[in-house]
Each structure stands twice: as structure tokens, then as C-alpha cells.
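Please look over the sequence and the 3D structure below before reading on. The report then takes up a few places one by one.

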Amino acid sequence: MIEFLNFIALRGPNMWTYRPVIEAWVDIGELEESPSNTLPGFNERLTAWLPSLVEHRCSYGEQGGFLQRLKEGTWPAHILEHVTLELQNLAGMPGGFGKARSTSQRGIYKVAVRSWHEHITRQALLLGRDLVMAAIDNTPFNVAQAVAQLAQMKEHLLLGPSTQAIVDAATAKSRRIPAIRLSAGNLVQLGYGKHSRRIWTAETDATSAIAESISSDKSLTNALLRSCGVPVPEGSIVTHAAAAWTEAQSIGLPVVIKPVDGNHGRGVSVDLSTQTDIEAAFALAEDASRSGEVLVEKFIPGIEHRLLIVGGKLVAAARGEEAWVVGDGRSTVQQLINQQINSDPRRGTEEASPLNRIENDPAVALELNRQGSAIDAIPICGERLLIQRNGNVAFDCTDEVHPAIIAQAALAARIVGLDIAGIDLVARDISQPLASQQGAIVEVNAGPGLLMHLKPAAGQPRPVGEAIVDYLFPPDAATRIPVVGVTGSAVATLTARWLDHVLRLTNQATGLACKEGVFLGTLPLATQNLSPLAAAQTLLINRQTEVAVIENSIDDLLNEGLAYDRCQVGIVTTLNPDQDPSSLRPDHYIDTPERLFNIVRTQVDVVLPNGCAVLNAADPLVREMAELCDGEVIFFADENTADTNTLAALTAHRTQGGRAVLLRNQAIILAEANNEKSLLTLTEISYINTAVKVFADNQKVGAGETAANRITALLATIGAAWALNVPLVTLRIGLTTF
Amino acid sequence: MDIIRLRALRGPNLWGRHTAIEATLHCPSCARTSADLPDITTRIQARFPGLGALPAQNPSAQATPLPLPELIAIAALSLQISAGCPVAFYRCTETVETGVYQIVVEYSEEAVGRLAVELALELYIAARDDQPFDAANAIARLRALDEDQRLGPSTGAIVHAAVARGIPYRRLTTGSLVQFGWGARQRRIQAAEIDATSAIAESIAQDKQLTKQLLLAAGVPVPEGRSVASAAEAWVAAQAIMANGNDNLLSRSVVVKPQDGNQGKGVTVDICTQDAVFQAYAAAAAISDDVLVERYLPGHDFRLLVVGNRLIAAARREPAQVIGNGQDSISALVDAVNLDPNRGDGHATSLTKIRLDNIAIATLQQQGLTPDSVPSQGQRVVLRHNANLSTGGTATDVTDEVHPQLAARAIAAAAMVGLDICGVDAVCETLTRPLEAQGGGIVEVNAAPGLRMHLAPSYGKGRAVGEAIIDLLFPAGDNGRIPIVAVAGTNGKTTTVRLIAHLQTVAGRRVGMTTTDGVYIQGQRIDSGDCSGPKSARNVLLHPEVDAAVLETARGGILREGLAFDHCDVAVVTNIGLGDHLGLNYITTVEDLAVVKRVIVDNVSPTGMTVLNAADPLVARKANYCPSAVTFFAADSQHPVLAAHGARRQRVVYRDGDDLVTAEGEVQARFPLANIPLTHAGALGFQVENVMAAIAAVWALGLDWHVIREGLASFVNNADTAPGRFNVFQYCGATVIADYGHNPDAIVALIQAVEAMPGKRRTAVISAAGDRRDEDIRQQSQLLGGVFDNLILYEDACQRGRTPGETLGLLREGLAGAARAQQVTDVYGEFLAIDQALESLAPGDLCLILIDQVEEALAHIKQRVTESLAKAA
């Protein structure tokens, strides 16, 4: 039996990894006695169900590494980890972190696996457990069904592929822009606080609502483009079939008929020359139109292209292709379509498929009708039939687009007012100017799909997400606000509050999330119903926040992880389980100083390379974290009470040019290498000298504080403020007025 | 009486600045004035008592007869006034043709103006024939059409605010999409959305749960609550909410409502028992799968309007309601309330009629009432749960009451959602205290909020909402305009336009220009043909990549439609001279033509500049009418008009030997003609004039002298860049000049230029466009006959209404008694004429070809030149 004791969704950076994971506590009970090599037929059954486990490198770091471990004998918790990841992988969520660790209690493990979505990964763990048990017990297990279930959850719960591409580009190492999903849909925030932007699929917060409404009115769009000299087909709106025919004759045949306000090419018919065809096409278009208005336009011969314009630049271009079938004298057109077109593995019904299957498409019926055929007709051997003139526009042609066409497409987006636009244009040859070939822009689309450029049916995928991120955040644009994370087994709250007080004096909109609540400036935010991580994230979501101080208790670290991906300053106030055993969390199997260290170090791990860890040099565990920091380290310590190890560490740090905040007698000293500057003396700081107050409503301020740990908080606050370049004048006032 | 022609003058025009319908009417001799139909005035007044005052009659003299078209104009104007249109202007004049009158009637909406003229004519005919005329119906039709056409109150308020700030506007659709400003400085609005309004923010505002979550993050008080999936869950949620309540601030009761309901359907308020919650859940679940349980907020519905980061207005909204009087039934009370003329049927008026529909009846039912119930004296009967104006609600302005902290929360809410114009709905007892202090909350934020309740609230004062939105679009001091130079005149317009555009391009501006051969944006031709009318000008002003516009403004467009702009920064009138196209549109004399061109001068901004040719007496006379300062230019520095102007320390441009000089008082700048290739070092007198006009124009636009010098030096003028503008070719040692000049002034200028050039034997190839007056065509050949030896006259297919041979005959008549012409040949076909002329040339000869089909003829000449070079090689 494998029993789940607990699932913990670690949504932010945690002791395992920077990415969200689910930490499952499993009790394998008696299976502790049965490593894989002792279970007859187990490995064979497992690898038969999941042959791709061969790709798992595991501890050997090479292909087949995990299979090797199976052979040598490994335990079910570790197997569960790999099986869960593989199930996610097969369902389209590839790669990812996984780890299984034993606890101090026999048979109980913590299994952590990369979580794409809490619900999905939890389900993957449950399915993984069933699979492993089935393999152990030699009972049947339907792998395909399990994978399909996860894949369906993925379609339903994860970001759509366009949004995901943008988020991936933002969070990639080269940009490291944080992302917060704001809704169950595709609304995502990039960046923090004041510097945040929002995206919603291929719309940005700068995408104009008016521009979208213009683009959805094809007739208006056409008129505006024409006024500015952009080539567009001549056309006009009609409201009944007879008018469509009259208008077609006056424009000149052949014509295109489409709904004024449709999208995705629905209800569009092209190259129509007869009254019958035109009236039939009118009916199709009318059905696809919300307003019932239909556009009759001059037919522009050529291939349909989609140009993606982002911030005035061409980012990608794709073209459509005609789809044909050739008769064999036996099969119906539908069968020929299935054999010759739908058999293409790139054609699928999922959103992520580069090409669609052709099924029950009235436009196809119309096209066949025009050729004197029908979907159930049996063409003679060798007869070629056009099925789709412009099926999926999914063949990359970015490098071929003529500069004059790029300029016109960018202008079209600008005229409509869209920052991100999909320009549909018809041209025989995209490498020649439109004017030379009577090509024209036929549509301007807001919120264009990106998939055709990310996963073209042929040609090179284009870095569309990167382009959108670069447009939103030019290389020198700020993406983050300074975030200060505070953790420690004591006075973390006091430190956070004190630092918040200092930072507010710098005239920045300062956010504070600590045990006492979440505040923006003096304004308390009503976050009582939120988890600590969600409560702290409100500060990062708030577009006013200019700097945020976030306290992370040890419990928060264990239960949710950090509220931010990275921070400017990471403070560890104190961590000394030998002196303060209550800082251990045996209920979480955090029962040794090493395990506690592993939890708390996350705070230092996430310090940005240009950031700073502010660490208590007097605590050996905290001192040890210095080497984990990607950025600078500022030590702090009370020299009056420091032991020799502390003093030695301070000296070593300063010898290497490091900074430190020191209390020497009554003086607070800012030290950097050999330089020392006296900031102020303890006697000037009233808070240090006031007794613990108890108010009438029994709310204690300063309860549990001692003179020593108040000094710790004071020094940590100074270190962080110094790291954030708070002017010393301001800092002094902040310290004395708290 | 017939309408010969009906035009809409959509911009400043010959008659004034009003938009107006211009109708040309023909009256038969039996019915021209009121004298012909003695009691016509009385009959019209009987049918339409609202007919405005007639022109004062001179009491001493015999009553002056009134032209009947004038009566029609007055009727058309009065009908519009009766329908509520703000119009006042009309005019009636007799044309040179007997019995043909032009009437001009101002309109505020074109369609309404057209209909008013039609109806006025119907009224006249009915009166004349003693038939009835339903004036009330006519006015109702006009009123309905006007409501349909005119901007709604929200958009209208924004447009008015823009106009007050001098910001130009243009409707892009028949709906509420409006462009403010021009070119690259333009902005757009659509009702209460602006072009910067984020589509994502709008989507967020539509998702109430997401909005609430974001508002929480901004510290904005929102009613506590959550969505539930069952009645049991609803009760659990309700208990949790009530447990958090307290006696002084937070209520201990809840609201249950469908997530995406509307108009208050399925909403139950202020409940606290399990039974009530279960019932309420059932009611809400009937409307939507998603049911919300929230804390009940007691108090009133308020709407706070945030624009940018400012609170602009606040209103207390009340649902449709009637107050009982102890006598009348509810339906009678509703009828009485609906008598208020401020209550209309749609959004066009400040209030909307109360509808006693199913929703109202259901609402009454909940109160145990029916439409027939008679409420007691003073009893308040609510007919709707929601307070929308569109369902008969009222709004009271309470802007002055808003507590600053409450305002800050509304602004924070708008900012958090990301809306620049935002209607924030708050529920609380009063706006005079912070929301937090009274347990109030913000329940919704709205994109594109209605402005009606703030512009014309039912009670209290209207707020400057349109102004606030315009201030958001255009910071103080920015009127959204780009500099416009309008160029009119008989000759030299196109070259002057191109040169002004080029000089600004050198100054780094993206220039859009219209000329008789196309529309150009940043040097790229985007339209071809004669583009000197208002439509092309409007296209330039619409183009988002234009920083400056230079518009050739031909008389045709002014007459047809008026100007495309309300006013320009610089108007240049090159010359009127002997005139061109006289006879069109009842413009018969050069004096009248000057009046047409005056339209552009009349519409120069008071802070702008009018550039006039001092040597042209008709032009110079314009200085008297100019609303702006004037710059005179003339080749002759001693010209009295120019000299006098200069003496007054006003701006002048003139030629001084080999330099052009700009002078303002003692300050002078010089431009050596040797550095201006266009003038052929000063040899081409007409180009010198064009250059002076262009310098004067860009001087007014504030270009630096060094930029102007650089631009003059780099300006290229050849068959490619300026087709048909004095294009010079070399053909077998002879000089060939091709030009499109087709009127006597152009030919005078050409003759002057050609005379300054060497040439043994002189040949001219000439034709004439058929729509010129006979005397102009004769004069043309007469002028050329004086200076050319060999004349080849041709006629082409396009003769604009003349019979074959007619033009040639006129040209020949002009040559009678020519001083120099020795040889005259008639040819049919332009290319043939060109070929014949070229064959006759010997080295050292000079040949002037007046081309007609510009591009084709130039291509033909170029081909012949290439062939001759190939032969020579």
C-alpha cells in the first residue's frame, strides 16, 4: 500500500526548487521492505506501460539512468515520483523537477514533483500511485486513459498556448520577468507592482478597446485603411442575397463574401462569379455574422497570408496553402479527404495542432459544388479537386516579406490603433510589393492567434512570445519593484514593520505583508480570507506598489513557499534551533538543524544577482547561508556579545570588501571593508528603550521581544535599508521615530 | 420649381463657416417672387405657423416681393429649428441665369438639413396648390432623424468640450466613434471610451469576481462574499459573512444574486435566516448557474466617475419610482411622471420614461401591489431594483459631498482595474464619510460609463465631464492640431505645395500633401489623380503618420463641399491673374473667383499667416479681409503694396538682384538664387515667385533659415518628381520643355521663362481643354503666336463636350494676325503632334510642348529622347 498522508501545494520558491511543486507525503508501509528489484515482474510491467521512462536520467545523469536504478532496486516513493512526472509528460507537460526524500520516520517519504497546476499534479500523483500499485500487484492499468484524463485537465486548466508562450518568454533566464496568473483564464500579470503589465492571450493592457471594436468592423477598417492609402479590396455591405449579387456585378466579378463582424475565417467564401454561388455564400456569411451584415468584396487572387505586427514591427508571417485531393475512382470525396488530407499527423482537433482536420465544413461543400462535385461524390481516377483554398495559414514565410509590405502592414495596425495585430493579406508573392501584383490587406485582427507562428506546419517557429515581452518591456525597462523578504525564527515581523516604517519615509508606495496583516502605506488590505502567499501577492499585483516588504514565517515556507520568485533583499534575522528548539517543525519532519536550514535557505537562494542578503552573522546557521547568495551579503552583529567565530567571520567578510552593520558599545556602525561610519547610537532609538506595552484590548505590541532581539531587528532593518540605498538622513529619522 | 442641384457644404465655404445645404433652384417665370403668388406667405404660415420672421419689409415703399426660393430657405431653416436643431443661417441669391437661385440653409446634421429642404419644398407646393401639409408630422420626422443622427449626450459633451478648446473633430462613423485632432496628433473616442482605454481592463470590469479580487488587493472595500454551488453552501457562506458582521459597521445580513444576471433579476437582499437564504438561492439559481452570496450593504446606490486619476462627478441614483397621492393608481402616477418632457424613449434625453413592463409588475408584486393599486399620500413605490437611468431612474448630483478618502478609493479601484474612464458603483449611506467608516463598499466598476447622469442630473448641477475627458486626451496647451498650409491660386500651386512640403521634410517633419496629381505621405504617393479637393485633404488629416499637411486647395472642392478643415495655419494665394475655369458653378468673373479663393484666407487661424502675391492686384486686395497677419511677396522690391507693407514692419519676401530676401523690419535673410536650382539661377520668373511663396509659408511655420536654404538647394524638379511642371529635355541638340500649363496666366509665365532661354527657331505644340471659355482658348494661341515661329495645334479624344474640330478652330482664330507665327499645322492626336514637332527640330532649337495627358505624354517624350540617344550612340 502506498498511502498519501498529505498534499502540500508549494506555489512559490521552496526548499525543493524555484518552481511550484506539490509535496506529497506518502507512507509506503510494508513496501519499505520491497525495493523494485525484489518485486517479480514489476520493472517489466512498469517499463511496458511507460517505455519512455528510459529517458529519465535520474541520479546517473544519462539515458536509462532511472531504469538502472529500478534494476538495482529503488523504493516506491522514488518510483512514484518518476511515474508521476512521466504521466504529466505524456499528457503534454514535459520535463520538470522531481525528488523523493525519506523522513526520519520509517516508510514515510516526501515526494515533490513539478506542479503545472495543483489539480492536475495532484491527479497525476493519484494516478501514478494506482499505476505503481497495479504494477506491483500485477493488475491491469489503463495508461492511455490516465494520460487522456490529464491531457484534458491540461487543456481546461492551464494557460492557452499563446499566453503560455508569452509567459515562458518573460520568465526565461534571459529576461527573468516574474509572472502572476490573475484569473482562471488567460489573464496574466508580468512584472511586479508599479512596473507590472498585463496580458490576456495576445492582447496587452495597452491594446485599445476602441481599436478592437474598429477591427471587428471590417467595413470601417477597410474605409480607414483606404483613406490612408493602404491597398484594400473594393467592397460594400449588403443585407440580403439579391443585393449581394447586384453589388458583386457593380464591383466586378469575381468577388469574396464574408460576414462584417465574423472571425477566424468563418463564413468566408472566395472567388465567386455566379449568382447561385454568391447567394449561397451570402447565406453562409449571414449565419456567421452577429449583426447579419455581409460584406461583398472584390476577389483578390493570390494566397492568404497572416502577418503578425507587434509594436509596429513584423514579428512573424505565415501563408496558407491550398488543399487538394486526387480521385481514385473508388472513394468518395470525404474518404479522399480522410486519406489524403486528414491523415497528415499535423492535422488534429486540439487547439495546439498546427493544422485542422477538414470535417463538415460548409465552405468545403460550397467549393466542391462549384467544381460540380459533392462531398459524397466519387471522383474519377486522377481527377483533382480543390478542397480548401486557404486552409490553415500555417506555413512560415517571415523572412520573405517585402519591406514595403511590412511597412504597409505596420501602418494598417497603426491606423486601426492596435499594438498587436494580425494582418491578413492576399498576394501572389509576398516578396514583391503589393502594388505590383494587385495584392491587398483584407483584414486586421485584434488578439491574433500566435500558434501558427509558434508551431508552423512547415518552416521555422518564430520567437513571438519574446517579441511581445520585448515590446512590453524594452531591454532597459524596469520589470520589478524592490522586494524585501524577511524570515527567521524571531523578530521577523518586527524587522518587517520597522523596515516598512523607514521605507515609507522615502515617499514610495510601500507595501508590507507580515503577521499583523497586509498594508499599503497606512491602508490595511482586507486579505483575511487569503492564504499568506496570496495575501502577500496582493502587494505585487497592486499597480501602485513601489517597494514591498514581505515576511515569510517558517510555516509559510513549509506550507506555500515564497510569494515572489526573486527578491532584491533577503533578510534572515535569526535561526538558532539549539537555543530555540521551537523553531523546529517536527510535524513537518523538520526535526534537525540541517532540515531547518534547508527550509530557510530558500530566502537567500532567491536573492537577485544585483540584490543583497542581510544575514545575522552571530547565528552559525544563518552565517552559513552567505555562500548561497547570488548577490551581495551584508552581515550584521552585536559585537558586544559576539563570540570569536562571529568576529572571525566578520573580519573575513570585511577583508573581502564586504559590508556589515555592527553594534559596538552603544554605537551603530556601517562598515565596509576598512571604512567605518557611525550611524547613530542606541540611546537615540526610543523603541529600543521602551518597555513592552499592553493596550486595553489586550493586544500586545512588542510581546515576546527581548532587548537582544530588538537589537537584532534594528540591525537587520539598517542592513536592508542600506542595501536599498535609503539616504542615511532618512534612515536615521526612520530609526528614531519608530 | 425644380432643384437643379443639392450640395452639402461640410466645411467652411463661400457662404460662411456653417455647415449648410446649398440648393440651386430653377423657378419658372410664373412663380419667382411672392408677387407672383400673392397670398403664398399667408398660406405657408397657415400650414406651418412656426415659419420664422420674414425679412423686414420697407414700410414706406411698395412691399418688396420676396423671391420664392428665399421663402423655401426660411421654411427649411424654421422646420429644423422647430425640430430642435441649433441652426440660424440662411441665404438666398439670384444667379446670373434668370430664374435660377441658390439657397443656402445651415444644418447641424446633414441628413436633417437635406430632409428639411425637401420638406420645405413640399410645404411650398402644398401651399401653392392649396393642399394640406402636416407640419407636426414633418417636425416629428426631422426630430426623430436628428435624434438618430446626432451624437448622443455623452459623446456630444466630449465633442463640445473639444470644440471649446479649439480641438478639431471628425466623426468616423454614423455612430459615436470620433476623431479629435489631426494626423499624428489625433486621438479617438467612442462614447465614454478613449483610444487608450484598455480592452483587457474592460474584460476585467465585466468579471465581477476578478474585479473584486483586484480591488481587495488595492485596499478598496468590497462586500465580503463568494460564489456558491448549492443552497447548503450558500447558507454556510452566509453564516460566515454574518459572523464577521458587527453592530456598528458591518451588517449581519446578506444578498443572494446570480453572477451574471441583469436588471436585478433573481436578486434577494437583506436576508439573514436559513429559510430566506434557501429561497433566495433557488431564485438566483433559476437565472444563473453561478450564484453569489455577499454581505448586504445598506444605503444608497452611488455612481462615482473617475477620469484619469481624478474624481470628476458623483451621483446618487434612485430606481424608477412614484410617490402616491392617495387618489391615483400606480399606472396613472407613472403616466403623470412620464409627462416630463425631459423623459425620452432612449438615451438622447437626460431622463428616460418609466416603463410599466413585466419587470416593473414583478417588482410591484414583491411589494404586494399591482399597477392598479392606489398608494397612499406620500407612499414611495419602487418599480425597479436597479437604479439605471435607462430604466426610468433618477440621478442627483452629489459631487461636492464626496469625502477625499472615499474619492481615493474610487480612484484606486479604477487604477487597479486599469480603466482611464471608469464608473465606480458604491453602496453606502453617504459619500460624506469614508466607506470604511460606514461599512460601505464598491460593488462594481464600469467601463464606458454613461455620462448622462453627470451632465444633466435629474437634480443638482451638471459637471464638466466632457472637459475632463478632453483634458485626459489633450494636456493643457495641446489642441491636437498639426500645422496646415493651404495653397490656392491659378498657377504655381502644385510646385509651391511640393516645395513647402520638401522644406518641412528637411526640417524633420513627416509631411502629407495633396496636389492635382495625387496625395503624398512622406513622399509616397498613396492616391493619384486630381486630389486638390476636401476628401483628399481629409485623408491626409486622418493619416496617423503625418506631422504637417500641405494642401493644394482648388476652387472646385471649395464650391462642392467647402474646406476639409476649420482653419489652417498658413494660407498661400499664389495669384488669381486672368483666371482659369471661369464659367463653372455660376462663377463668372475673376472677381468672383477671388471670392472663392478668399475662403481659404478667411479661414486662416488668427495666430496664423496669410501669404499673398503683392503683384497680383486681386490678391493684394485680400489683405483687407485677412483675419491673420500677412506676408507679401513680389519679385519687385519697389512694388508699392509690398513696400508699404514692409514699411509697416510687416513680413515681406522679394527679389534683390541675384538674391531672394525676407525682411521684417530691419531683420533680413538672403537666399542666393544661384543656390535654388528650381529657378534656373533666377531665369524662371514664375518659379522665383513659387519659391518666394514657399519661403514665406515655412517662415510662418518657424523653420530655421539654414533648413530652408538646405531645402531650397536640394529640391529636385523634373519629369519624375513634378510631372508636367516645366520639365526640360534635350533632344538631338534642341531643348524641349513639357508643361501642363493650360490657361492664359500659365502661358504668360511660360513665355517669360522660354524667352529667357536661348533658341534659334521656336516651336510650340498646343491644345486646349474643352471646358475653358472660348475667349480663353483664343487668347492662349494668340499669346503663343506672338513668340513662336512654328505652331502645331492638336486636338485629342477628350474634348469635354466640344465637337471635333471646334477647339482647333478656336485656336486658329486666336492666331489670326499673330506677330511671329509663320507655320501653323493641325494634328489630331497628342502623340502625333509631339512626334511631328520633334522631327522638325534642329540643334539649337527650342520647343515648348503643352501636354494634356501628362503621364502618357511624358512617357512618350522620354521614349523618343532615349531612342535619339541610342541612335546617336
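A salt bridge is a side-chain nitrogen of Lys or Arg within 4 Å of a carboxyl oxygen of Asp or Glu. Side chains of opposite charge can pair when their charged atoms come close. The model shown here is predicted, and by this rule it has 69 salt bridges over all chains. One of them joins the side chains of B:R7 and B:E22, with 4.0 Å from N to O. B:R7 sits in strand β1 (residues 2-9) of chain B and B:E22 in strand β2 (residues 20-26) of chain B, so the pair ties together parts that are 15 residues apart in sequence. Both B:R7 and B:E22 are buried.

Another salt bridge is formed by B:E224 and B:R295, whose closest N and O atoms are 2.6 Å apart. This pair links distant parts of the chain, 71 residues apart: B:E224 is in the loop between α7 (208-217) and β9 (225-228) of chain B, and B:R295 is in strand β12 (residues 291-295) of chain B. B:R295 has a relative accessible area of 3%. Buried means under 20% relative accessible area, so B:R295 counts as buried.

Some salt bridges share partners. In this way B:R10, B:E110, B:R114, B:R538 and B:E561 are joined into one network.

## The surroundings of B:E294

B:E294 lies in strand β12 of chain B. With 7% relative accessibility, B:E294 counts as buried. The side chain of B:E294 makes a polar contact with the side chain of B:K212, at 3.0 Å. Leaving aside residues up to four places away in sequence, B:E294 touches B:K212, B:P223, B:E224, B:G225, B:I241, B:S253, B:V254, B:V255 and B:K257. B:E224, which is among these residues, is the salt-bridge partner of B:R295.

## The buried side of a helix

Which residues of helix α25 (residues 728-737) of chain A are buried? They include A:T730, A:L731, A:G734 and A:L735. These four cover an arc of only 130° around the axis, which puts them on the same side of α25(A). An α-helix has 3.6 residues a turn, so residues three or four places apart point the same way. The cover over the buried residues of α25(A) includes α16 (492-504), β32 (675-681) and α24 (707-723) of chain A.

## Where chain A meets chain B

Chain A and chain B bury about 2900 Å² between them, and 62% of this is on carbon and sulfur atoms. The contact takes 36 residues from chain A and 37 residues from chain B. How many salt bridges does the rule find across the interface? The count is zero. Residue pairs in polar contact between chain A and chain B, both at pLDDT 80 or more, come to 13.

On the side of chain A that touches chain B, at least two residues each come from β7 (197-200), β8 (203-204), α7 (209-215), α8 (218-227), α13 (403-416), β25 (523-525) and α17 (532-541) of chain A. The largest share, five residues, is supplied by α7(A). By type, the residues of this side divide into 18 nonpolar, twelve polar and six charged.

## Backbone details

Most residues other than glycine have a negative phi, and most peptide bonds are trans. The peptide bond from A:L253 to A:P254 is cis, with omega near -10°. A:P254 is placed in the loop between α9 (241-251) and β10 (255-259) of chain A.

B:D130 is not a glycine, and its phi is positive, near 60°. B:D130 lies in the loop between α3 (110-128) and α4 (135-149) of chain B and is exposed, with a relative accessible area of 51%. B:R649 is not a glycine either and has a positive phi of about 65°.

Technical notes: Residues numbered from 1 in each chain as written. Chains lettered and ligands numbered in written order. Predicted model: local features only at pLDDT ≥ 70, side-chain atom pairs only at ≥ 80, totals over all residues. Heavy atoms only, no water. Buried < 20%, exposed > 50% of the residue type's maximum accessible area, 1.4 Å probe, protein only. Arc of directions from axis to C-beta. Contact = heavy atoms within 4.5 Å. Buried area = accessible area lost by both parts, 1.4 Å probe. Polar contact = N/O pair within 3.5 Å; in protein donor to acceptor, adjacent residues only side chain to side chain. Nonpolar A, V, L, I, M, F, W, Y, C, P; charged D, E, K, R; others polar.
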